[in-house]
Every structure is written in structure tokens, then in C-alpha cells.
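Good morning, and thank you for coming. Please look at the sequence and the structure on the screen while I speak.

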Amino acid sequence: YGNGAVLTAVGNRSGPYSGEGMSTMKIRMGAMVLPSIGARSAQIEQGFAGQNPIYYQNTLRDIGRLVQQLEDLGFDFVAFTEHHFHVEGLEVSNNPVMLGTWAAGITKRIRLGQMGIVLPSRNPILLAEDLAMLDHFSEGRMMAGFARGYQSRHVATIGQNLNAHSTTPTDPDFAEHDRINRELFDEHYTIIRKAWDQS
């Protein structure tokens, strides 16, 4: 397909192993999907590929086949990335929660996550609601994944009302921007957990 997948293993220790006082590691296999409109071409190189709806429809069909195949092969989870303003069209994954909701309708078992939602640039209350809705739509298969983000093309744009910044090490204000983003991440994560645990 026109979309790459990176395998990830997550260990979960459980139970004794052969009576030797050791624990076994249960391996969980998943795929991180970075939706794309496909390989580079002359049309894509012209930019603004999003103006051609055929590209995105083809992407959805490809992702649908990929996600169903992952489920059929016994993968434990699939996770979608969050990237904005990639006018080149090579990354078309602006809302991993919406993609997870769409994937919930075409799957039955596989868990659905994000790798990851850029927390400093999101409203934590609205995000807590969206993730809770995905959990209901998927009948409990949602797993939340968060990131701090660094790319100025979307962090500084979407998160500007929250004072979020890009955190590229070459930025002369890197240390201060990094500190602000860490504080925003921690605050938003705490708010989301409280929204889930106390409401």
C-alpha cells in the first residue's frame, strides 16, 4: 500500500516461568501507520495534493485494507500519527482520533491508538471527550498515546493560543520553549486523567 507501517513490541511481564521464579514477557505486536497519499510523483511534487479528493479516498481504501489485514494476522493494535500542514501530501494524518473512529467501524478486535496526539497544542477537555467517544465507538478498544510535538509547521500554529512552541534544538530559544511545552504537556495530561477519573 501507499502507507508505511512500523512494528512495535510492548512487553507486559506476567506470571512465573517454568517455576524458576522468573517472569515471562508477553509480546504485543502493533503497527504505527503514517497515512500518506503514496509515492512521490510529478503531481504530488506540485504541492497541495489535498485539493484532489481522489488521493485521500485512495489512502482511506489502502489504510482500510491494511488495518483489516493487521487484525486478521492477530496484531494487537494499530496507531495513527498526528501531522498537520504537510501540503506536499506525503503525510495526511491530521486527526488520529477521527481515523481511529473510522477504523473502529471496519474492525472488531484490534485496539486503536495514536502515536501520538500533540498534547501541548490541544484543548485537554475536548480531547478527553473525543478519546472517551472513541472508546465507546470501539467498545473499549481505544488506547491513548500522547506526544509533546516539535514541528513548527503545526505546533506553533495550532497551539499558539496555548503558547505552545516548536522545540527544534537549533532554535535559539530551545530551552525556554522546551520548558513551556513540558509544562503544557504535564498540565494537559493531568486534566485529561481527571476528566476521565472524576467525571
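Predicted model: local features only at pLDDT ≥ 70, side-chain atom pairs only at ≥ 80, totals over all residues.

Which pattern of helices and strands does the protein follow when read along the sequence? The pattern is β-β-α-α-β-α-β-β-α-β-α-α. The protein has 6 helices and 6 strands.

Let me begin with some overall values. The protein has 199 residues, and 39% of them count as buried.

As an example, please find L70 on the screen. Setting aside residues up to four places away in sequence, L70 touches A31, F75, V78, R109 and I110.

Next, consider how two helices are placed against each other. The axes of α3 and helix α4, which covers residues 124–137, come within 9 Å and cross at roughly 10°. Angles under 35 degrees count as roughly parallel, and therefore α3 is described as roughly parallel to α4. Which residues make the contact? From α3 they are V97, G100, T101 and A104, and from α4 they are L127, D130, L131, L134 and F137.

My next topic is the aromatic rings. To describe a pair of such rings, one gives the distance of the centres and the angle of the planes. The structure holds 2 aromatic pairs. One is formed by F146 and Y189, is edge-to-face, and has 5.9 Å from centre to centre with 75° between the planes. F146 belongs to strand β6 (residues 146–147) and Y189 to helix α6 (residues 174–197), so that this pair links distant parts of the chain, 43 residues apart. F185 and Y189 also form an aromatic pair, and this pair is stacked, with 6.5 Å from centre to centre and 5° between the planes. Both F185 and Y189 lie in helix α6, 4 residues apart, or about one turn of the helix. Through these ring pairs, F146, F185 and Y189 are linked into a cluster.

F185, by contrast, is buried, at 18%. The cut-off used here is that buried means under 20% relative accessible area.

Let us move to the loop between β3 and α3, where T81 is found. T81 has a relative accessible area of 2% and is therefore buried. What is T81 in contact with, leaving aside its neighbours within four places in sequence? The residues are M32, V33, L34, P35, S93, P96 and M115. Two of these residues deserve a further word. V33 is in strand β2, and V33 counts as buried because its relative accessibility is 0%. V33 and M115 are 82 residues apart along the chain, yet their C-alpha atoms are separated by 8.8 Å.

I close with the backbone. Most residues other than glycine have a negative phi, and most peptide bonds are trans. Where does this protein depart from that rule? The peptide bond from M115 to G116 is cis, with omega near -15°. G116 lies in the loop between β4 (111–114) and β5 (117–118). The place of E139 is the loop between α4 and β6, and with a relative accessible area of 76%, E139 is exposed.

Thank you for your attention.

Key. Residues numbered from 1 in each chain as written. Heavy atoms only, no water. Contact = heavy atoms within 4.5 Å. Phe/Tyr/Trp six-rings, centres within 6.5 Å; stacked < 30°, edge-to-face > 60°. Buried < 20%, exposed > 50% of the residue type's maximum accessible area, 1.4 Å probe, protein only. Axes fitted to C-alpha atoms, helices over the stretch in contact; angles between N-to-C directions. Parallel < 35°, antiparallel > 145°, perpendicular 65-115°, else oblique.
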